[in-house]
Amino acid sequence: MRLPVFAPFQFNALERRDLSEFLQHLLNAVILGGTYALLGIGLTLIFGIMRVVNFTHGELYAFGAYCMYALVMRLGVNFYLSLLLAMALGALLGAFIELVLLSRLRRADIDTTMLVMIGAWIIMQNTEQWIWSGVALSVKNPFPANPLVFGPASVSWLRVYVFVVALLLIAGTYLLINRTKLGKAMRATFQDPDTAALMGVRIGRINTATFAIGSSLAAAAGALLGPVFVVQPAMGDLAAAKAFAVVILGGLGSVPGATVGGFILAFAEELGAGYISSGYRDAMGFVLIILILLIRPTGLFARKERIG
Amino acid sequence: MRFIPWLLVAALASVPLWMTDYYYLHVLIVTGIFIIAAMSLNLLLGYTGQLSLGHVAFFGIGAYTSALISLGFKVHIAPDTVVGLSPKPVWFAMLCAVFVTGIVGYGIGKLSFRVRGAYFVIVSLSFVSVVQLIALNWVELTQGAMALNSIPPLTLGFGEYTISFLRKPQFFYLMLSAAVLSYIIIARLVNSRAGRAMIALRENESLATSLGIDVTRYLVLATVVSAAIAGLAGALYTHYIRIVDPNIFLFIYTVTMIIMVVTGGKGTLAGPIVGGVVFGVVPEVLRAMKIAPEMQWIVYGVLMIAIVYFLPQGIVPAVRRAFASHRSVFAGSSTLIEKAEEQ
Amino acid sequence: MRKLLGLLAGTVFFVGGAATGAGAQDTIKIGVTQPLTGAFAASGNYVAQGTRIAEEEINNAGGVLGKKIQLIIEDNKSNPTEAVTTVEKLIEKDKVPLLIGAWSSTLTLAVMPKLEEYKVPMIVETSSSGKITRSGNPYVFRISPTSEMEATAFKPIAKHMGIKKAAFLYTNNDFGIGSADEYGKMLKANGVEIGPRETMDPAATDFSAQLAKIKASGADTVFVTTAVEQLTLILKQAKEQQLKARIVSCGGSNSPDQVIAQAGAAAEGSYHTTFFPPWFPEVTTNPEVSKRYMAGWKKHGFNVGGLTEGYRGYDAVYVAVAAIKAAGKPDAEAIRKALWGVHVKGVYGDIHFIKQGPAGKESGQNVPTVYLVEVKNGKVQKPQF
């Protein structure tokens with residue numbers, strides 16, 4: 001098959017590639033998928049449930065990474081403890097943003113709140129550059145430098161750790177939403193705020209809590225991936241773009257959806273770059289979004305009535 | 001009130017006569033080009049209520065189309081089949097840009113209005129990303145990141161009666177004419193039957209549908225007009241800056257347009273102009289204040305939030321309301337007056 | 001509507017008022033446009049810091065033509081439209097007779113039509129795209145090497161390294177594409193088999209798919225062209241995937257010190273081309289200049305990782321001052337003519353301009369020295385073949 005419009009596309013014959021490369025791609029996709037899922041679940045709470053087009057998500061991710069850098073590299077705090085501290089600080093910052101910027105705009109249009117979030121995004125990113133300069137920073141980790149080897153494929157210990165913690169956080173979030181009183185109140189609030197208020201749910205607090213939890217998850221993703229990648233002011237932009245893709249792929253407001261969406265995006269990118277063209281690697285997610293929304297406008301997992 | 005816009009146009013037309021510093025003229029030209037794009041976005045965002053984060057795609061497609069037709073190109077559409085075009089006059093290229101973006105707008109409108117709200121936001125964002133990646137990777141046509149440069153400026157006329165729009169005063173008038181034309185088209189459209197149908201849609205889609213308004217048809221109409229005007233803005237940009245590369249699809253350009261529309265007042269004809277002037281001039285004022293570059297951005301962000309926070313409807317409706325409450329004894333029913341004025 | 005008119009008039013006057021500050025000509029102004037915020041902020045700030053060191057040194061030595069020089073550094077926000085605006089401002093409002101900029105090739109290409117329009121020359125300090133000096137713009141004078149020059153300089157080294165099959169991994173921008181093209185051409189002409197050519201988004205952080213493909217191709221050397229942040233990640237991820245191929249980073253924006261600090265053991269055995277090796281200033285063409293620059297950098301307490309970027313701005317200012325001196329007056333056309341005659345002892349080597357591009361409208365191009373260094377035992381070393 002050859003698409004004439006896209007001259008640079010090259011479909012390499014699959015059989016020519018050997019199995020070991022394919023295995024490595026699969027392993028990469030699984031590890032990357034965990035990362036994307038983690039980025040997605042924080043956003044699915046805020047964008048999916050609260051309907052705030054949250055452009056600060058990427059900056060909270062960067063905030064988590066900078067917290068990790070400051071704690072581990074500057075203050076010498078324990079690596080694992082730093083993750084928890086970064087999450088706590090992320091939650092605080094999230095609550096602050098919600099209380100200061102969003103609480104008054106709760107009934108405003110989607111574009112009004114979006115513009116406020118864009119403003120916050122510009123402020124946060126440039127504050128990061130102001131404090132830390134634009135130079136990339138790196139965070140040391142306690143894991144062995146040699147990778148974990150599975151036959152012809154291999155993966156670093158650090159990324160396995162990130163993957164496991166990501167799955168734990170996803171499971172925790174799922175339980176929080178579906179098995180706790182707070183989760184119930186959250187779901188009620190965003191399905192029907194007026195009825196929820198009548199039933200005694202304190203809407204304001206639920207909004208703040210939801211935004212804080214989503215922010216904490218974004219900070220967790222940053223704190224986990226900061227040591228994997230490098231820490232720099234613009235790091236949040238790409239993370240936010242991936243997170244939006246994951247949330248839409250999975251359907252707004254669905255934690256299992258975001259999880260599956262994360263893995264779909266990772267597989268599409270990894271195999272697309274491996275077997276089609278690496279130039280279009282970052283387009284794969286967007287092409288998928290367009291295709292999926294045309295076929296099934298609510299995303300893969302959301303129920304019909306959720307449609308905006 | 002009717003003649004005031006024309007006074008404003010006349011005042012603006014006098015600018016190149018007394019503004020001898022080309023830097024300010026340049027800032028006004030670039031701001032003007034983005035105001036045209038913002039006006040077209042306002043048609044979608046303000047009048048149909050669809051928040052498109054993909055508007056810069058139309059702007060960029062217009063820029064690329066006009067650049068490619070004025071420069072000429074050659075591409076392989078199949079391994080042995082070459083399609084090419086010799087360089088065409090710039091005015092023709094600009095017209096083509098308007099048509100091509102209009103057609104793209106039609107296709108996108110048909111497809112993307114199957115979804116609404118937050119989904120539409122992301123589909124429009126995805127659309128830009130895909131277009132940008134094609135511009136980046138289809139090197140044979142667009143030269144990818146190596147950029148199309150040496151794009152010719154617009155010239156009109158024959159022989160010794162030729163005007164070149166290379167210099168800033170001439171280009172300023174070109175931009176101003178395009179802006180006035182776009183304004184008139186948009187004003188005519190929103191005050192027509194179709195425009196009222198769009199507003200009905202924005203206010204209550206299910207009610208509008210039950211009244212027999214063909215939702216998709218009006219949304220597509222709005223998208224086509226909006227895309228074509230954005231394409232015109234892109235074509236102006238490309239023959240002014242005279243280089244185009246995939247950076248034309250930068251997200252910050254979409255953000256700039258949205259800021260202009262929302263702070264000025266979406267759904268008002270003057271909104272994008274007022275918002276555009278404010279946010280076109282603010283970065284240069286900040287630059288003149290000689291503060292740290294990061295700080296300039298931070299102030300910009302704070303100003304943006306402050307405007308939205310204190311004037312959630314935008315500057316124009318707020319000013320209007322202030323006027324209305326001064327003049328009218330029915331100070332309490334200012335929204336009524338606002339509605340009346342919009343008609 | 002009346003308020004709208006008032007608002008408009010108010011802003012214009014406000015801006016107009018700000019303009020009157022730039023009047024007295026007791027200094028000679030040089031305009032600098034660099035990306036100080038946005039995607040290229042890290043490198044742009046290093047180059048700007050380099051220009052500041054040169055400005056201070058020159059003014060301490062009495063300036064030029066009996067006047068002090070004054071750099072006006074504007075932020076082009078890593079955005080071509082803003083780059084044009086900064087140039088308009090520097091030329092029209094600050095009346096600079098000479099510019100330095102604009103870091104990336106795209107930013108430089110964007111401002112080039114303005115140089116012709118205002119007839120003001122610009123010293124290009126970083127950009128590598130061949131298009132810049134081949135477009136027939138006589139106001140462009142580039143002190144940085146093109147990708148082609150770098151690849152040509154690499155030719156004898158490629159033989160020594162015994163490269164059989166080469167793969168490429170590069171950012172999908174003018175810098176990466178230009179480098180991969182030129183190195184590919186050079187290697188192919190020397191009988192090296194060309195393996196996969198993989199691209200990456202300039203903002204990407206995960207290259208696992210590209211690396212897996214390169215690993216499977218059996219290439220023995222990977223030529224990587226990108227900025228230092230991605231290079232660090234590529235080295236780390238290549239180690240994670242047990243990629244045995246040798247990694248050579250091209251393009252000179254690779255800051256090996258930062259790579260060693262951040263990639264640690266993963267940087268071991270990698271090679272880097274650079275246009276200035278601060279680890280052994282004695283091998284450079286003008287060791288005393290290199291040492292003076294490094295001392296200035298140290299005195300200001302700038303980040304050591306930026307030494308391999310900052311010299312670009314440092315040299316550009318010295319070239320600018322030499323041209324102003326030769327011209328005898330701060331006049332754009334006189335400076336443009338004088339630039340053809342300058343010979344400056346710089347960190348880039350002995351800087352002078354040769355003609356490139358269409359006859360009659362040639363741009364100036366310097367031919368700098370290219371160095372290859374190796375990371376061995378956690379230190380930057382001269383490679384032994």
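Two residues are in contact if their C-beta atoms, placed from the backbone, lie within 7 Å. Keep that in mind while looking at this model, which is a predicted one.

Take Val319(C). Setting aside its neighbours within four places in sequence, Val319(C) has contacts with Ile123(C), Ile143(C), Val342(C), Val344(C), Gly346(C) and Ile351(C).

## The nonpolar core

Val319(C) turns up again in the largest nonpolar core, which has 346 residues. Along with Ile33(B), Ala320(C) and Ala323(C), Val319(C) touches the most other members of that core. As for who supplies this core, the largest share is 20 residues, and they come from helix 3 of chain B, residues 22–48.

## Where chain C meets chain B

Now for the meeting of two chains: 33 residues of chain C are in contact with 35 residues of chain B. Helix 1 of chain C gives the most, with nine residues.

What sort of residues are they? The chain C side splits into 15 nonpolar, 10 polar and eight charged.

## Helix 9 of chain C

Helix 9 of chain C covers residues 228–240.

Just after helix 9 of chain C comes Gln242(C), with a positive phi of about 55 degrees.

Notes: Residues are numbered from 1 along each chain as its sequence is written. Chains are lettered from A and ligands numbered from 1 in the order in which they are written. This is a predicted model: local features need pLDDT of at least 70, side-chain atom pairs count only at pLDDT 80 or more; totals for chains, interfaces and linings use all residues. A nonpolar core is a set of buried Ala, Val, Leu, Ile, Met, Phe, Trp, Tyr and Cys residues joined through C-beta atoms within 7 Å. A residue is buried if 20 or more other C-beta atoms lie within 10 Å of its own, exposed if 12 or fewer, and partly exposed in between; C-beta atoms are placed from the backbone. Helices (H or I, at least four residues) and strands (E, at least two) are DSSP runs, numbered from the N terminus. Ala, Val, Leu, Ile, Met, Phe, Trp, Tyr, Cys and Pro count as nonpolar, Asp, Glu, Lys and Arg as charged, and the others, Gly among them, as polar. The expected span of a helix is 1.5 Å times one less than its number of residues.
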